[in-house]
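Please look at the structure before reading on.

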Amino acid sequence: MTATTDASNEKIPVTVLTGYLGAGKTTLLNRILSEPHGRKYAVIVNEFGEIGIDNELVVGADEEVFEMNNGCICCTVRGDLIRIIEGLMKRKGKFDGIIVETTGLADPAPVAQTFFVDEDVREAARLDAVVTVADAKWLSQRLRDAPEAKNQIAFADVVILNKTDLVSAAELREVEARIRGINPYATLHRAERCDVAIAEVLERRAFDLDRILEIEPAFLEIDDHDHDHDHHHHDHDHGHSHGLKHYHDEDMQSISARLAGDLDPDKFMPWISRLTQERGPDILRCKGIVAFKGDPKRFVFQGVHMMLDGEPQREWKAGETRESKVVFIGRNLDEATIRAGLLACAA
Amino acid sequence: MTEPTASLTAHLRPLDAGEHVVGAAFLGDEPALALANGEVRIGEAGGQKRVAAHPEGAILTVARDGGALLTGGDDGRVAQISADGRVVTIADEKGRWIDALAARGGAVAWSAGRQAHARDATGAVKSFVAPSTVRGLAFLPKGYRLALAHYNGASLWFPNAAAEPTALEWKGSHLDVTASPDGRFVVTSMQENALHGWRVADSRNMRMTGYPGKTRALAWSHDGHWLATSGADACIVWPFKDKDGPMGKGPRECGVRSARVTQVAFHPRALVVAIGYSDGMALLCRLVDAAEILVRQPGDGAVTALAWDSTGARLIVGLDSGAAALLTLPA
C-alpha cells in the first residue's frame with residue numbers, strides 16, 4: 001500500500017462499463033456519445049461498428065490480458081489499455097473522461113487492476129467507477145449459470161438494471177434483491193432502454209468512497225433472510241414492511257466491519273496487507289475509510305484482489321465522529337475473522 | 001548528489017513548440033519537432049515551417065531516416081516529412097492507431113495492433129500478423145530484417161522471406177525494442193521495469209533488472225559498445241562490448257539525481273550521453289569519468305525528446321509542456 005498526496009484532481013476519470021451479453025451496454029454508450037451533456041469522452045470499445053456515432057475519440061481495444069511477472073498469481077492487467085491510455089494522453093485537454101467498454105464475458109478485474117499496477121496509467125488517470133448494466137429479465141438466470149455475470153455485479157459501483165419494462169413488479173423486486181445479496185454497496189438504477197441520467201453514470205467519484213460511511217444496508221441487520229440454494233429453491237417473500245426481499249448468495253458475499261474511534265496504522269497496515277495477500281484471489285473488491293490515531297485526515301483505500309491503494313483524503317470535520325469502516329466483496333469470506341481482525345487494530 | 005558546476009545553458013536557445021514534443025530530429029541542418037497535436041515544426045525560432053502532418057490527429061510515434069522524419073498517428077497514417085516541409089503519406093491503416101514505427105535506408109516499418117508492415121525502398125509492402133499487439137519495431141543492422149516486440153517475447157522477421165519469423169521467447173509484456181549496431185543482440189524494455197536481451201546467435205536470454213520505473217528510451221553509443229537507458233534516477237548504461245554482452249556485469253550510472261531519467265541520446269562521435277529528466281533538466285555526461293555539464297535547468301515538465309545532429313554539434317531538447325530548446329556546443 002502506498003500513501004500518496006492527493007493529486008487526483010488533475011487525473012482523467014475513467015468509467016469501466018461492464019454487463020453481460022445483451023444487457024444494453026451499447027445502448028448506453030450510444031446515449032453517452034450522442035446526448036448533449038457538454039462533456040467529451042474518449043471511448044475504448046471492444047468491437048468497432050456497434051457504436052453508431054462517428055467520433056474521432058472512439059478507440060478499438062483488443063482485450064489483451066496478461067499476467068504480471070510480479071509473483072502475484074491473480075495480477076492480470078490489460079496491456080492494450082496501458083498502450084491506449086498512453087496514446088490518449090497525447091490528446092490531453094481535448095476530452096473530459098475515458099469510458100472503457102468490456103466484452104460481455106469479461107472479468108472486470110484485469111481492467112480495474114490496470115489502474116493499480118501501471119505507474120504511467122496511475123499518474124494519468126483514475127478509476128472513477130465500475131458501471132454494470134444488467135438485464136432485469138435474465139440477470140437472475142445468469143447469476144446461476146454465468147460466473148462472469150456475478151463478478152460484474154460484485155465489482156460494480158453503479159448497477160443499471162435495464163429492461164425493467166419487460167418484467168413484472170414481483171420479478172423486479174426479486175432481481176433487485178439478488179443484486180443486493182451480492183453487492184449491497186452499489187448504487188442501483190432502474191432503467192428502460194438505459195434511460196438513466198448520464199450524470200448518474202459518469203464522473204461519480206465512486207472510488208473516492210465518500211458514501212461508504214453513510215451506506216449501511218438495512219438488511220445486513222436483519223437475521224431472517226432467504227438462503228438461495230441452487231438445488232432446492234425455497235425462495236419466498238417474508239413481506240417486510242419496506243417490501244425488499246433479502247437473499248444471501250451462497251457463493252458471493254459482502255462483509256462490512258466498523259470500528260468507533262481510532263486505528264493504529266502499525267497494526268492496520270500489516271493486517272490489511274496480509275489479508276489481501278492471503279485471501280486476494282477470493283476478495284474481488286475492498287474499500288474503506290480509516291481514522292488513524294493522531295492523523296487529522298481520513299485515510300481512504302480501495303483494492304482489487306491483491307492490489308491495494310490508499311491515500312490520506314480530506315480532514316475529519318469538526319463534530320464528525322472519527323470511525324473506521326471497511327467493506328469486502330468476495331467469495332467464501334469469513335465475517336467473524338475479518339471483524340475480529342479489524343477490532344484488533346484499534347489504537 | 002551534486003548538481004553539475006559546468007554549464008552550457010548560455011548556449012541554449014528556445015525553440016517554438018507550444019505542444020507536447022513527441023519526438024525530435026535534424027532534417028539536414030534544420031531542427032524538427034514532432035508534436036502531439038499532429039504538427040511538425042521545422043527550423044529555428046522565427047523562421048519555423050509549420051507542417052500539418054496529421055491534421056486533426058495526434059502523433060504517437062516518430063522515427064528518422066536520413067533527411068526525413070517519419071510520424072505515426074492516431075489517424076492511422078504513417079507520414080514522411082522532408083526538410084522542405086513536404087508530406088508524403090506512406091501508409092493509411094484506416095480507423096486504427098500506428099503503435100510503432102522504424103525506418104532505415106529508405107525502408108519503413110509500422111504496426112497497428114497485431115499487424116506489422118514493412119515497406120522497402122522500392123515501395124513493396126510485406127505484412128506479418130504477430131501473436132499479439134506489436135509495441136516496438138527495430139531494423140536489424142544487417143540485411144532487411146526486423147525485430148518486433150510483443151507479449152511473451154520478440155520476433156525476428158525477414159519481410160522478403162517466406163519462412164516463419166524467429167521467436168525469441170520471454171514471458172511478459174515487451175514494449176520497445178532495439179538491436180545492437182553489430183546485430184549481435186536484441187534488447188526489449190518490459191512492463192515489469194526491466195530490460196530483456198537475447199543474443200541473436202543462440203537466443204540466449206539476459207535480464208537487466210533493478211529499474212524503479214519503465215524504460216522507454218534506449219540509445220546505443222557510436223561504437224556500439226554501450227546501451228544507455230531511461231527509467232531510473234540515473235542514466236543506466238549497460239556494457240555490450242564483450243561477446244556475452246552485459247551478462248554477469250553491472251551497468252554504469254551517469255547523471256545520478258533525485259529525478260527520473262526520461263530520455264537518453266548518445267553523442268554521435270564521443271562517449272558522451274545526453275540525459276533528460278522528468279523535472280525538465282537536461283545534462284551531458286561523459287561515460288569515462290561521469291563528468292557532467294548542465295544543458296537545461298529543471299522546469300516546465302518532463303523531457304520527452306532529445307536528438308543530436310549528425311556531427312554532434314547541436315542537440316534538441318523537447319518537453320511535454322511544449323517547451324523546447326536548441327543547444328549549440330561552443331566550437
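In chain A, 75% of the contacts with a separation of 6 or more are between residues 24 or more positions apart; a contact means heavy atoms within 4.5 Å. This is a predicted model, in which local features need pLDDT of at least 70, side-chain atom pairs count only at pLDDT 80 or more, and totals for chains, interfaces and linings use all residues. Residues are numbered from 1 along each chain as its sequence is written, chains are lettered from A and ligands numbered from 1 in the order in which they are written, and side-chain values use heavy atoms, with hydrogens and water left out.

Chain A has 347 residues, and 56% of them are buried (under 20% relative accessible area, with a 1.4 Å probe and protein chains only). Its secondary structure consists of nine helices and 16 strands. Helices (H or I, at least four residues) and strands (E, at least two) are DSSP runs, numbered from the N terminus.

Strands pair if DSSP finds at least two bridges between them.

| Strands | Sense | Bridges | 
|---|---|---|
| β11(B) and β12(B) | antiparallel | five bridges |
| β22(B) and β23(B) | antiparallel | four bridges |

In β11(B), residues 100-104, four of the five residues are buried. B:Ala100 stands opposite B:Ser111 in β12(B). Two residues lie between β11(B) and β12(B) in their hairpin, and B:Gly105 in the turn has a positive phi of about 55 degrees.

B:Thr229 stands opposite B:Ile236 in β23(B). An open sheet of four strands in chain B runs in the order β21-β22-β23-β24, with antiparallel pairing. β21 and β24 of chain B are at the edges with a single partner strand each, so one side of each has no neighbour in the sheet.

Conventions: Buried means under 20% relative accessible area, exposed over 50%, partly exposed in between (1.4 Å probe, protein chains only).
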